Structure formats: C-alpha cells, structure tokens
Amino acid sequence: MTIETVLSIFLGIGLAASAGFRVFLPLFALSLASYFDVWELNESWSWIGGTAALVTLGIATLVEIVAYYIPLIDNALDTIAVPLATVAGTAVMVSTMVDLSPVITWTLAIIAGGGTAAAIKGSAGATRLGSTVSTAGIANPLVSTVETVTAIIMSIISIFIPVLAIILVILIFYAVFRLYKKLRPNKPKSS
C-alpha cells in the first residue's frame, strides 16, 4: 500500500466525519479541491470537480446550513440526515480512494466512510434533540453553529492534512463515547 493510498483513506474518513455534521459541506469541499487541482479523485468520480457539481453542491451546502437555523426544520432534517450522511460518507470515501481493488474500496467506503458519518450524525441528532428538550430549542442555533464550524474545519484539515484528520476523528469518537457514557442511565448494581 502506497502513502498516497493511505492518505486517500485518511482523507475519506475525515470527510466522512464531516458529513456526519453537514451532509453536503464535505462534498462541496471535495468538489472545490478537485476543481482547483488540490486533490485528485479516482477516475469514475472526477465529475465532482466539474463546474455543474461545484455549483450544485455549493447551493445545497448553503441551503442545508440555513435550514439548520430554522426551528422545527432542524429536527426534521435530523430524522432524514442519518441515511443521507451515510450515503455522503460512503461517497466521499469511495471518490478519494486510489490504487485499491473495487472490493476493498467499496468495503472500506461503506464501513469506514458510511459508518463514521452515520455514527457522528446519530450523535449530533441526539445532541440537537437534547438541546430542543432541555432549552425549548433556544440553544439549537448554537448547536448548529458548532456543527457547521466543525464540518468546515474537518473538511479543510482532511483535504490539506489528512493525517491530522484521522487523529481528530479518533478524538471525536472518544468524546462521543465519553458523552454517551456520561448520559447513559446507570443500571443498578446487583449484589
């Protein structure tokens, strides 16, 4: 396995994590990176670097970001976002992977890309639901802002420093695990 292959896997996982916060933003970032020849995509996904994809993904990204600031729409989006994030995570992962057989590429894309995006989106949705319940939605714009900023930072780092991106993904999973463990109801101890 070459260093380019390993970096492409790290890039894909980092962008998949970003898709867990905002579905279209990492696809738009990848489109920009390809359009400006910052990152080369595998042949069958080179269309993402085209002008039509760049404009379409840019508009979709703006609409998604704005929609998360509209009360009730934000929670409605979260109900459909897990499957969308899973698809987006898989897509960004498969589009970035080079020099691997299709079987390995798709297996990694589905498990690492789709799985990462789904896990993060599920946690983010639970956070927004908790915010809605505990603050009557007043804190939801703050949650949306944190998610959007995290998606932007993760996308940029993934494209320019993929090794750091994989470390951040591990830290995000650790934070999610700690939060889950803290919020999980305690089971009574049996004697």
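**Helix packing and buried salt bridges**

In this predicted model, helices α1 and α4 run roughly antiparallel to each other. Their axes lie 8 Å apart and meet at an angle of about 160 degrees. The assignment follows because angles over 145 degrees count as roughly antiparallel. The crossing of α1 with α4 is right-handed. On the α1 side, the contact is built from S8, I9, L11, G12, I13, L15, A16 and A19. On the α4 side, A85, A88, G89, V92, M93 and T96 take part. Sorted by class, the residues of this contact comprise 10 nonpolar and four polar, with no charged residue.

Helix α4, residues 73-96, also packs against helix α2, residues 24-35. Here the axes come within 9 Å and cross at roughly 20 degrees. Helix α2 is therefore roughly parallel to α4, since the angle falls under the 35 degrees set for that class. The crossing of α2 and α4 is left-handed. From α2, the contact draws on P26, L27 and L30. From α4, the partners are A88, V92, S95 and T96. This contact holds five nonpolar residues and two polar ones, and again no charged residue.

The two contacts of α4 can be set side by side. A88, V92 and T96 of α4 meet α1, and A88, V92 and T96 also meet α2. The α1 pair is roughly antiparallel, whereas the α2 pair is roughly parallel. Handedness is right for α1 with α4 and left for α2 with α4.

D78 pairs with R128, with the closest N and O atoms 2.6 Å apart. R128 lies in helix α5, so this bridge ties together parts that are 50 residues apart in sequence. D78 also meets K121, at 3.8 Å from N to O. K121 lies in helix α5, residues 102-135, and so the bridge from D78 to K121 joins parts 43 residues apart in sequence.

How exposed or buried are these side chains? D78 has a relative accessibility of 11% and counts as buried. K121 is buried as well, with a relative accessible area of 1%. R128 is at 0% and also counts as buried. Each value lies under the 20% limit, and the residues are therefore classed as buried.

A further salt bridge connects E147 with R22. Its closest N and O atoms are 2.9 Å apart. E147 belongs to helix α6, residues 140-160. R22 sits in the loop between α1, residues 3-19, and α2. The two residues are 125 residues apart, so the bridge links distant parts of the chain. Both ends are buried: E147 has 4% relative accessibility, and R22 has 0%. Through shared partners, salt bridges join R22, D78, K121, R128 and E147 into one network.

D37 has a positive phi of about 55 degrees, although D37 is not a glycine. D37 lies in the loop between α2 and α3, the latter spanning residues 51-67. D37 is exposed, with a relative accessible area of 70%. A136 likewise shows a positive phi of about 55 degrees without being a glycine. A136 is found in the loop between α5 and α6. At 66% relative accessibility, A136 counts as exposed.

The loop between α2 and α3 also holds F36. F36 counts as exposed, at 57% relative accessibility. F36 and G50 are 14 residues apart in sequence, and their C-alpha atoms are 10.0 Å apart in space.

How values were computed. Residues numbered from 1 in each chain as written. Predicted model: local features only at pLDDT ≥ 70, side-chain atom pairs only at ≥ 80, totals over all residues. Heavy atoms only, no water. Axes fitted to C-alpha atoms, helices over the stretch in contact; angles between N-to-C directions. Helix = DSSP H or I, 4+ residues; strand = E, 2+ residues; numbered from the N terminus. Parallel < 35°, antiparallel > 145°, perpendicular 65-115°, else oblique. Left-handed = near helix turned anticlockwise from the far one by under 90°. Contact = heavy atoms within 4.5 Å. Nonpolar A, V, L, I, M, F, W, Y, C, P; charged D, E, K, R; others polar. Salt bridge = Lys/Arg side-chain N within 4 Å of Asp/Glu carboxyl O. Buried < 20%, exposed > 50% of the residue type's maximum accessible area, 1.4 Å probe, protein only.
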